[in-house]
Amino acid sequence: MSAETSSAGVAPSNGRSAAKAGKPSRVGAAATWADDRLGLAGVAKKNLRKVFPDHWSFMLGEIALWSFVVLLLSGVFLTFWYRPSMAEVIYEGSYSPLRGLHMSEAMASTIHISFDVRGGLLMRQVHHWAAMVFVASMMVHLLRVYFTGAFRKPRELNWVIGCLLLLLGTLEGFTGYSLPDDLLSGTGIRAADGFMKSIPIVGTYASFLLFGGEFPGDSIIPRLYTVHVLLIPGILVALIAAHMLLLVYHKHTQWPGPGRTEQNVVGYPMLPVYAAKAGGFFFVVFGVLTLMGGLIGINPVWRYGPYNPAEVTAGSQPDWYMGWPDGLLRLMPGWETHVFGTTWSWNVFFPIIVMPGLMFTILLMLPFIESWITGDKRDHHLLQRPRNAPTRTAVMVALMTFYGLSWAAGGNDIIAIRMGLSINQITYFLRGAVFIGPIIAFIITRRWCLSLQRADNERLLHGYESGVIMRDPQGGYSEKHLPLPEAKAYTLTARDRDLVLSAPTGSDGNGVASPTARKDRLRARLSRLWMADNIQKPTRAELEEARHHAEHEHAHEAALSGHPADGHQFDGRDEATGHGHQLSGH
Amino acid sequence: MSTTDRDLAQVEGDPIADPGLPAHLPRATDVDEAASRRAERQVAMLFGLSSVFTVLFIVAYFAFGVGDDLDTFLGFGASNLFLGLTLGMALLLIGVGTIHWARKLMADHEIVEYRHAAASTPEDREETVGILQTGLEESQIGRRPLIRNSLLGAVGLLVAPAGVLLWDLGPTPGNKLNTTVWREGMRVVQDISGTPIRPEDMEVGQLVNGEPEIFFNDVGDEEQIEGHELLVEKAKAAVVIVRMDPADVTPWPGREDWGVDGILCYSKICTHVGCPISLWEQTTHDLLCPCHQSTFDLADNGKVVFGPAARHLPQLPLAVDDEGYLIARSDFTEAVGPSFWERDNDEPGPE
């Protein structure tokens, strides 16, 4: 189709008739009624056919969005029966192993939902699975956005909003799984109390205020409940709305390819295709989560029993997304300082309070750090393959390695038991690995990306490997390389050249020292480290020379044998791809 | 420096010209009426199956019992299993059907929209800045710093009421974290049954979870502790009692008489973040916390031998009363549980 013929700013219709209301219809009447009162036709006209590009990786954020909707629906159901109260009751419900035990109303009502409400256990499990999927899909979506450079200008603020969503989603998860007041989640709250008390100066007071006195008190469950069902979801809804509005305003990024440029967006219209696909996908996500809720058990609180501060189960672990700071907590040596009758618990404060804050800040700053180093202030709407930004890719892989090793440390007891290893040795090993692992991962990833860039250039200049082995008259063997199809070759070259910032002279023409000289020098050096090693795409001259060379070789072979095989004898493309002239020997 | 020196025009653009969007290829359903009718039937069948599962869901809701008359199927709760299966399939099939419809039958022409810079036009920007400027000038906020500063001060002070209002969320810590219900003469009892412990009942190598007697009975004038208060006190007063060969035990100076025939009593609350410590390794006298694997040597005054905890486990001095039961000789001599900023750092022995 011809994109260039449409007037700028207006999406051309892909239908065969004009998008105009024809004879009076029911849809038209309803639209008129609404527009008389709301006047939204002007806005709707532009947006109902809004274009969304298609790629599987653009679906990851959608999983997060739809699982959030599932969380809202299943969560509302649970609130009808759940009682956020720590009042002590004696359980007399239908689950006999716990009958007669003292527990909080919160725990008793959770067991009631699980055993005596039809669909109650299903909704509890759907809610918990949806929470896991919500956080996981946000993380994978974040990785997709980072690795493809979708966070670059003008989308930095949406990156920031996304990071906040991840942080709040994690807190929402923690407050949520604490609500049943069972032994496992109570142990988690107990640890959280210890975390808070490790904060210098204000920690003890923060703990007493949050718990309404000494741990565990009788206030923490109702307070977490308010945070879980009102405060955080309210902020989440507002931030998700802002996230989506910015997505619509900026228009979605797209992969480069024939006809897909920085100036346009190519894809299917909102109405009907994208609405159907996205709407259908909501049902897919909801359906899969419901099947998981029905078939895969999760968080069987009745097996853990009610919370008792003097009991704990071996192998106690938080939900997976809280695992990495818990792992750091296990790795940290027991460092504590005593000064003037005060206690500074570095062993707790650093891994569980400082590190998550630090990691989150790094995450938040990534787009701004990169654009400062590269000096790139242009708008970007075309995505990059991870290999084409080797240092960026390596930075995230290093962060992922740190995360992964910390997370593994959070399961050091499980690893020790399952694999028959010494927990002490696993811990000592991981203490070193969290420092060395990310560095190794960074180096390997960067070299790997550069090699992949070289391989791309190789294919552009010398063609792809056809799998056809040629034997020359001397008896030597070589593999026939064939030129890439034009669309493929264009896609590989549709990327920017990296421009390393030049080193500043440090003074202007009159010898006046620049006030920012030091900063500029640092920036130039970082810019060199960031991208000086990158492999640039070939120039037109290089491509032409390579092509010329290949043709020369073909002609040479043809002259020698009189019957060159270039591979297309076998795939039926010898005429279609325009290489027929090489087959002059036929 | 910066982008100005970097003349983008100097750099060659695309070495290969953009071939433009590929021609649209019709799908089988676009050109073959039979194929499109088949797709239509498939979509309708998926939607129809979804309806069947919805009906089955309602049947399952009423057919399978929960609670006291639980029905099971292959060892699973039948209600939960079939409600999940049927509702999940009903939802999934709507989704699959809709996507199939979109892919096979809805128009599949890709369309092109042009992008606009996120920024407003320079004129709009200038005008907006002008309006802001005018607003600021008309308010005279710049010319009258007295008003501006007093307003900033007044609004800033409002942080105080917000903070003060939250103060009543809880009482202040006071000395609460430094004390427990243990006191001289309090019997050490088993944590489940509440029965007092005689030294001769314990074998070497045995570990018993203990609690103060006041959690089970009135002690003297003091009433038994129950309800929330019980949880609060238990979170500090839970102990482990362990019997070791006296020859293995190396008490710190001043602690030589804290045990009875090799029976020692330690706080059960981890000094790391407060988990109850429960994994006892008899041969090494080590007690391991299942939360973060801090390990304490009970033969050596509860010293940390591994893991992230920074402080030894507090020890409760023991004695035997007239009837031959284990009792505490005093409260703990230091705060139990996780560290906190105000914690007194008096060390009772060499670390």
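Does Gln140(B), judged by its C-beta neighbours inside 10 Å, count as buried or exposed, and how many such neighbours are there? With 10 C-beta neighbours inside 10 Å, Gln140(B) counts as exposed, given that a residue is called buried if 20 or more other C-beta atoms lie within 10 Å of its own, exposed if 12 or fewer, and partly exposed in between, with C-beta atoms placed from the backbone. The model is a predicted one, in which local features need pLDDT of at least 70 and side-chain atom pairs count only at pLDDT 80 or more, while totals for chains, interfaces and linings use all residues. Residues are numbered from 1 along each chain as its sequence is written, and chains are lettered from A and ligands numbered from 1 in the order in which they are written.

Some backbone details come next. Most residues other than glycine have a negative phi, and most peptide bonds are trans. Gln140(B), although not a glycine, has a positive phi of about 65°, and its place is the loop between α5 (122–139) and α6 (145–157) of chain B; helices (H or I, at least four residues) and strands (E, at least two) are DSSP runs, numbered from the N terminus. Lys251(A), not a glycine either, also has a positive phi of about 65°. Lys251(A) sits in the loop between α9 and β4 of chain A and counts as buried, because 20 C-beta neighbours lie inside 10 Å. Chain A also holds cis peptide bonds. One runs from Lys153(A) to Pro154(A), with omega near 5°, and Pro154(A) belongs to the loop between α5 and α6 (156–178) of chain A. Another joins Phe215(A) to Pro216(A), with omega near -10°; Pro216(A) is in the loop between α8 (203–211) and α9 (220–250) of chain A.

Both chains contribute to an open sheet of three strands, ordered β1(A)-β4(A)-β3(B) with antiparallel pairing; strands are taken to pair if DSSP finds at least two bridges between them. β1 (51–52) of chain A and β3 (111–114) of chain B stand at the edges with a single partner strand each, so one side of each has no neighbour in the sheet. Two bridges link β1(A) in the antiparallel sense to β4 (residues 264–269) of chain A, and Phe52(A) stands opposite Tyr268(A) in β4(A).

Turning to chain B as a whole, eight helices and 14 strands are found. The radius of gyration of chain B is 37 Å, well over the 20 Å that the globule rule gives for 351 residues, so chain B is more spread out than a compact globule; the radius is taken over C-alpha atoms, and the rule is 2.2 Å times the number of residues to the power 0.38. The C-alpha atoms of chain B fill a box of roughly 100 × 80 × 50 Å along the principal axes. Of its 351 residues, 36% count as buried. Chain B is divided into domain 1 (28–104) and domain 2 (176–328), with bounds from an automatic or database domain assignment. The centres of these domains, taken over C-alpha atoms, are 58 Å apart.

The largest nonpolar core has 184 residues, and those touching the most other members are Ala130(A), Phe134(A), Val285(A), Leu289(A), Val188(B) and Ile241(B); such a core is a set of buried Ala, Val, Leu, Ile, Met, Phe, Trp, Tyr and Cys residues joined through C-beta atoms within 7 Å. Helix α5 (residues 120–147) of chain A gives the largest share, 15 residues.
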